[in-house]
Amino acid sequence: MKLFVSCVAFCMIQLVSSEDSPLVQQFATGSVQFTADVYRQLKEINDGDNFLFCPLSALIILGLTQTAARGITAQQLSNGLHLPEDRKTVEQTFQQLLPTLKGNDKYTLTSANKIYVKNGYKINEEYKNIAQNSFGAEIQNINFEEKNAAAAEMNDWVASKTHDKIRDLIDPSTLSKDSRLMLINALYFKGSWRYTFNERNTLKRKFFTKSDNHIEVDMMEATRYFKYHSSSTLDAQFLEIPYQGDDVSMVVVLPNQVEGLSTLENSIEAVLNTKLDWNVEVHLQLPKFKRETKVKLTKILQKLGITDAFEDWADFSGFGEPGQQPIKISDVVQKSVIEVDEKGTVAAAATAVHAVKTYSLIQKPPPKQFIADHPFIYFIKSPAGVMFIGRYWVSSENSPLFQQFATGSVQFTADVYKQLKEINNGDNFLVCPLSALIILGLTQTAARGLTAQQLSNGLHLPEDRKTVEQTFQQLLPTLKGNDKYTLTSANKIYVKNGYKIKEEYKNLAQNSFGAEIQNINFEERTAAAAEINGWVASKSENKIRDLIDPLKLSKSSLLVLINALYFKGSWVYPFYEGATRKQNFFTKSDNHIEIDMMDNTEYFKYHSSSNLDAQFLEIPYKGGDVSMVVVLPNQAEGLSALENSIEAVLNTKLDWNVEVHLQLPKFKRETKVELTKILQNLGITDAFEDWADFSGFAEPGQQSIKISDVVQKSVIEVDEKGTVAAAATAVLTMDTMSFIEKPPPKEFIADHPFIYFIKSPAGVMFIGRYVK
C-alpha cells in the first residue's frame, strides 16, 4: 500500500467545543504527541529550512487504514499514531470527531474522505460500513492500469475538495496493475482575521535568520488586544490571533533569542501544551507568507515503530474479502500549502493511501512587543488536535538561491536596458528580462566549457549547472497567481523530428523548468511556425502573436526553446475613469503632446531621491506580491541622465507610505526585441558560432548546435483598472556550419518621459521607457 499525504496549511486553527467527549479529548491528547514525534523528525531532515506538516489529515486517513489492520501491524499503528488499540474505539472516535470539522457563516472548514478500489477487488463489507459510517468515506471503483486517467480523476477530486489548493497529488507513474486501493483525505480551511491588518502598514522589514544575518520580508503590523503568554521556562513568547467566528485562531510561538528556535523545538511537547489565557495589548509584526511543502513520511513512520505495515508480512486482512491478495503500504507522502496575508488564512490538506499487493490592569502598561523577525513555530489546532504545524525560517522567495537570482536579474535587466537605450534613442521600448532569463537559463544548462561560462557571466546566473537547476526549481513555482491576479509562465521545447535529446537534459527540462517537449517538422516552415505561434498565443491569452517568423525556420533548425509569461492584475486602488482627461505630456521642456492621463490621490510607497534627481512611486496590484514602480525624473529632459544610473534606479527601496496625488498616462505598448546582438555585446559570443558547445542537448552522434536567433515580443496595457502584460522569448537553434499635521499630498505628475517596471518576488518581470 502506498500512502501519499498532501496538505495545504496556513496557521494555527483552534476550535473550542463545550461538549468535548472523552474520546475526542483522548484523540486530541494523542494528536499532540503524534505531532511532536513527527515534528522532531522533520526538524532533523529540514535543518535550517522551512517545513509544514498536516498531522490531522494524516491521522484521519491512517486511522481509516488502521481499522483494516490486524495483529502486530495494528498494534504498531496504534502505538505510533497514538490511537486506541481497540478498533471499535477508533471507529467511535472518528465518528464523533469528523462532524466537528465543519465551518460556519464566518469561516470555511471541510474534511472529505474517499477510497478508490481497483476494479474487481472485493472490499470486506464490514470495512465498507466502517469507512462509510464512521469516516463518511465515498467508495468508487477505478482502473488503476489506465494510470494517467486514474491519476487525473483522483487529482480532480482532491482539487475540488481543496478549492484547487492541492493539485497533482497522485503521480501517475506510481500506479500500476498491482495497485489495489487509494485512500484519500482532503482538508480545507479558509478564515478571515477578526481584526484584519491594514495593508498600508505592510512594509519590507528585516527578518533575522541569524543574529548576524538578515533578509527583507513583507512584514504585517497591528497593535491590538490578543491572548499572550511569555514563558521564562521556554524562553519564548506565545501569541494567539483569532479568526472571525471566535473558535478558530493562529498561534505563533517566537523564541526570545534570534537563534533560539532549535532549543525551543527540543521542547515541542511543552510548546504544543502551553495555554494562553490572558488578553493584553500587543504590538505585533508578523511576516506575510506562502508555503508549499512535500513531506515523505515513510521513514518517519518507520522510526515511530510502524514497520510491519510496509513489509510483505503486513496484516491488513480487514480490507478485502477472503481470497483477495494481501496488501502492504509502500509509501506515505504529504503535500502542504499555507497562505497568510493581511485578510486571513487559507489552508488545505490532502492525504492519500495507495495500497498495492505484497511482494516485498492598574495603569495601562505599554503594549507587549511581539516582533516575529526571526525563526518561529506556528500551528493550527482544533478539538481534534493539531491540524497543521509549521516552522517559518526563510521564505522560499528569500532563499539564498532565490536572492542570488534576484540580484543577478537586476544586473541583467540593467545591462539589457543600457543596450536598448542606445538602440531606441528617443523612442519607447519594453522588454521582459524574466522571460529571457528563464529560457536562456534552460539553454545554459545544455552548454559546456567556454560557451557555458559566457552564458553564466552574461546572464548573471551561477556557473554550476546543478545550482542553476535548483534555482529555477525554486523560482518557477512562485510564478503563479492567486484569486486576486493572474500570473503564468510556461516553457516548451520543439525538437526536429528524428533529433535525439539526451534523457538527462529531457529530465532536467521537465523537472526543473516544467517544460513540455514536442517533435516537429521544421522543414514545413509555415505549418511549424503556425503551430509554435498558436502555442504562444494560447499561453499569453492571445496577447503575443506571430512570434516566430516562418523564414527563420529551415531544414537546419534543430530546436526552438520558448518561454511565455502572462500577467493580469487589478490595482489595489483603481483610478476613477471619469477623472481621466486629455493632458499635456512634455516630450521636451518646450514640446508637448496630448495624452489620456489618469488621476488618483491615495497612499502609496514613495521615495524622492536627491542623488538621482527623481521620484519613485510603487503602485500595488491586488494580491500583495506584484506592483508597478514608476520612476519619474524631476526634469522634463532628465530621462537620459536617470538611465545612466539604471542599476541605482532598480536597487532603490521604497519603504514609506505617503499620500500622493498621482497622474499617470493610460497606455498600450508592443515591442519586438532582437536579443542576439545585445547578448553578444554582453559577452555571449561563442553560443552563436559554429564552435558553440551545447553538447548537453543531444545524444552522442547527433548534429552539433548553435543559437541562430534570440527574439522576444512584449505587450503591456495600463488603464484605470490595472495592467495586462505578456511576453514570449524564443531561442532558435540550428546545426553548426508619527501624526503632527497632515502634510499636503506629494505631487507625482508623470507628464514627461519616465521609466517603469513591474516587479515580483522573482525580480523585474517587465521594464520599459515611456517617452511619447
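Reader: Why is E221 called buried?

Author: E221 has 18% relative accessibility, so it counts as buried, where buried means under 20% relative accessible area, exposed over 50% and partly exposed in between, with a 1.4 Å probe and protein chains only. Bear in mind that this is a predicted model, where local features need pLDDT of at least 70, side-chain atom pairs count only at pLDDT 80 or more, and totals for chains, interfaces and linings use all residues. Residues are numbered from 1 along each chain as its sequence is written, and side-chain values use heavy atoms, with hydrogens and water left out.

Reader: Where does E221 sit, and what does it touch?

Author: E221 is in strand β7, residues 213–231 (strands are DSSP runs of E with at least two residues, helices are runs of H or I with at least four, and both are numbered from the N terminus). Leaving out residues up to four places away in sequence, E221 touches F197, N201, R205, H283, L284 and Q285, contact being heavy atoms within 4.5 Å. As for L284, it is 63 residues from E221 in sequence, with 5.6 Å from C-alpha to C-alpha.

Reader: What makes the pairing of E221 and R205 a polar contact?

Author: Their side chains are joined at 3.0 Å. The definition asks for a pair of N or O atoms within 3.5 Å; within protein, one must be able to donate a hydrogen and the other to accept it, and residues adjacent in sequence count only if both atoms are side-chain atoms. The side chains of E221 and Q285 also make a polar contact, at 3.1 Å.

Reader: Which side chain does S627 pair with, and why is S627 called buried?

Author: S627 has a polar contact of 2.8 Å with E618, side chain to side chain. S627 has a relative accessible area of 4%, so it is buried. Its place is in strand β25, residues 627–633.

Reader: Why are H163 and D613 called partly exposed?

Author: H163 comes out at 48% relative accessible area, so it is partly exposed. D613 has 34% relative accessibility and therefore counts as partly exposed. H163 lies in the loop between α6 (147–161) and β5 (179–192), and its phi is positive, near 55 degrees, though the residue is not glycine. D613, in the loop between β23 (591–609) and β24 (614–620), is another non-glycine residue with a positive phi, about 55 degrees.

Reader: How many disulfides are there, and how do you know?

Author: A search of the whole structure turns up zero; the test is a pair of cysteine sulfur atoms within 2.5 Å. C432 is at 0% relative accessibility and so counts as buried.

Reader: What makes the largest cavity a cavity, and what lines it?

Author: On a 1 Å grid over the protein atoms alone, a cavity is a set of points where a 1.4 Å probe fits but cannot get out, and lining residues have an atom within 4 Å of a point. The largest cavity holds about 60 Å³, a volume being the space filled by probe spheres set on the points, which are joined across faces, edges and corners. Its lining is T445, R448, R465, E469, E504, Y505, L508 and G696, with α14 giving the largest share, three residues.

Reader: And what lines the second largest cavity?

Author: T67, R70, R87, E126, Y127, I130 and G318 do, around about 30 Å³ of space. Helix α5 (residues 125–133) gives the most, three residues.

Note on methods: 1 Å grid on protein atoms, 1.4 Å probe; cavity = no way out; pocket = protein on both sides within 12 Å on 5 of 7 lines; lining within 4 Å.
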